[in-house]
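These are my notebook entries on a structure I looked up.

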Amino acid sequence: MPEVKPQLQALGAYSHMLYDVVKDIGKNGISVREVSRQIILMGISSIPIVLLTAVFTGMVLALQTAYGLHRFGAKNYVGNLVGLALARELGPVLTAVMVCGRVGAGIAAEIASMVVTEQVDAIRALGGDPIRRLVTPRVVAGTISMPLLAGIAVITGILGGGVVAVLELGITAHQYYRSYLYAVRIPDVTDGLIKSVGFGILVSSIACFKGLRCRGGTEGVGLTTTSAVVTGSLMVFIANFFFTKILIIINFK
C-alpha cells in the first residue's frame, strides 16, 4: 500500500496539469506561431519513421494473412484484413508508439533540461506560466499531428500490402483494391482517427508532465526521458483497449 499513494498523487498532479491546459486554452487561446513550430518539430519530422514503419507493417501483414488464408482458399481476402487492421488498430497504435519514442523523448528531455537548469523557475519569476509557454503548444500540436500521421501510416501500409499482394501473392491490384473497399467503411477510418487524437493528447501530455517533474540533475534528465517513453507507450496500449471498447459500443447502438 505505501507504493500506491505516490502513484495516486502523480495521477492527481497529471490530471491537474491537463485541467490547467484546458483552462489556459479557454482563457488565452492558442499561440498559432508556437503551435505551428511544434507541429513541424513533432509532425513533419516524424513522417520518415512513420512511413518506414507503416510500409513494412503492411507488407508483413499481407504475407502473414495470405499464409493463413491460403489454407482455406481465401487468399483474395488479404486486402480486407490488411485494410481493417491498419485502419482500426495498427495504423494509429504503431504511429503513436513511434511518435512516443521519437517526439515524447525529445519533449521530456527538453523540458527536464529546462527544469534542471532552473529556466522553468525563471519563467515563473518573470511572471510567466510554464503551462502556457511549454505544455499547451505541445499538447495542441500533438493532438493535431497524431491523426495526420496515422492517416499517412494507414495509406502507406495499405500500399505496402498491395505491393506484396501483387508481386508475391499473385493477386491483381484490382482485386486487392476491391477487397479493401469492400471491407473498410467510413466508421473504421474515423474510429482510427479518433483514437489517434486521444493518443496525441496522451503522448504529448505525459512527456510534458514527466519533464516538469524531473529531479536529480543531469542523471534525472536521462531517467525522465526513459520514464516518459515507457509510460507513454504503455498508456497507448492500455488506452487503445478502452477506446476500442467505447467505439464498438457506440457503433453498435
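**Entry 1: Glu-118**

I began with Glu-118, which is exposed because its relative accessible area is 54%. Here buried means under 20% relative accessible area, exposed means over 50%, and partly exposed lies in between (1.4 Å probe, protein chains only). I then looked up the location of Glu-118 and found it in the loop between helix 4 and helix 5 (119–125). Its phi is positive, about 65°, although Glu-118 is not a glycine.

**Entry 2: Basis of the values**

I noted that this is a predicted model, in which local features need pLDDT of at least 70 and side-chain atom pairs count only at pLDDT 80 or more, while totals for chains, interfaces and linings use all residues. Residues are numbered from 1 along each chain as its sequence is written, and side-chain values use heavy atoms, with hydrogens and water left out.

**Entry 3: The chain as a whole**

I looked up the secondary structure and recorded nine helices and zero strands. Helices (H or I, at least four residues) and strands (E, at least two) are DSSP runs, numbered from the N terminus. Read along the sequence, the pattern is α-α-α-α-α-α-α-α-α. The C-alpha trace spans about 70 × 40 × 35 Å along its principal axes. Of the 253 residues in the chain, 44% are buried. I also looked up contacts, where contact means heavy atoms within 4.5 Å. Among contacts between residues at least 6 apart in sequence, 84% join residues at least 24 apart.

**Entry 4: Helix 4 with helix 7**

At what angle do helix 4 and helix 7 pack? I found an angle of about 50° between helix 4 (residues 78–116) and helix 7 (residues 173–183), with their axes 7 Å apart. Axes are lines fitted to C-alpha atoms, for helices over the stretch in contact, and angles run from 0 to 180 degrees between N-to-C directions. The two helices are therefore oblique to each other. Angles under 35 degrees count as roughly parallel, over 145 as roughly antiparallel, 65 to 115 as roughly perpendicular and the rest as oblique. Helix 4 passes helix 7 in a right-handed crossing. A crossing is right-handed if the near helix is turned clockwise from the far one by less than a right angle, and left-handed if anticlockwise.

On the side of helix 4, the contact is made by Val-78, Gly-79, Asn-80, Val-82, Gly-83 and Leu-84; helix 7 contributes Tyr-176, Ser-179, Tyr-180, Tyr-182 and Ala-183. I sorted the residues of this contact into seven nonpolar, four polar and no charged. Ala, Val, Leu, Ile, Met, Phe, Trp, Tyr, Cys and Pro count as nonpolar, Asp, Glu, Lys and Arg as charged, and the others, Gly among them, as polar.

**Entry 5: Helix 4 with helix 8**

I next looked up helix 4 and helix 8, which pack at an angle of about 15° with their axes 8 Å apart. They are therefore roughly parallel to each other. This crossing, too, is recorded as right-handed. The residues of the contact divide into 17 nonpolar, four polar and five charged.

**Entry 6: Lys-195**

Is Lys-195 buried or exposed? I found Lys-195 in helix 8, and it is buried, with a relative accessible area of 1%. Leaving aside neighbours within four places in sequence, I listed the contacts of Lys-195 as Arg-88, Glu-89, Pro-92, Asn-240, Phe-243, Thr-244 and Leu-247.

**Entry 7: Aromatic pairs**

How many aromatic pairs does a search of the whole structure find? The search returned three. Rings of Phe, Tyr and Trp (its six-membered ring) pair if their centres lie within 6.5 Å; planes under 30 degrees apart count as stacked, over 60 as edge-to-face and the rest as tilted.

One of them is Tyr-14 with Phe-209: the ring centres are 5.6 Å apart and the planes at 75°, so the pair is edge-to-face. It links distant parts of the chain, as Tyr-14 is in helix 1 (residues 4–28) and Phe-209 in helix 8 (residues 186–212), 195 residues apart. Tyr-14 counts as buried at 12% relative accessibility, and Phe-209 is buried at 10%.

I also recorded Phe-241 with Phe-242, whose ring centres are 5.2 Å apart with planes at 80°, so this pair is edge-to-face. Phe-241 counts as exposed at 53% relative accessibility, whereas Phe-242 is partly exposed at 48%.
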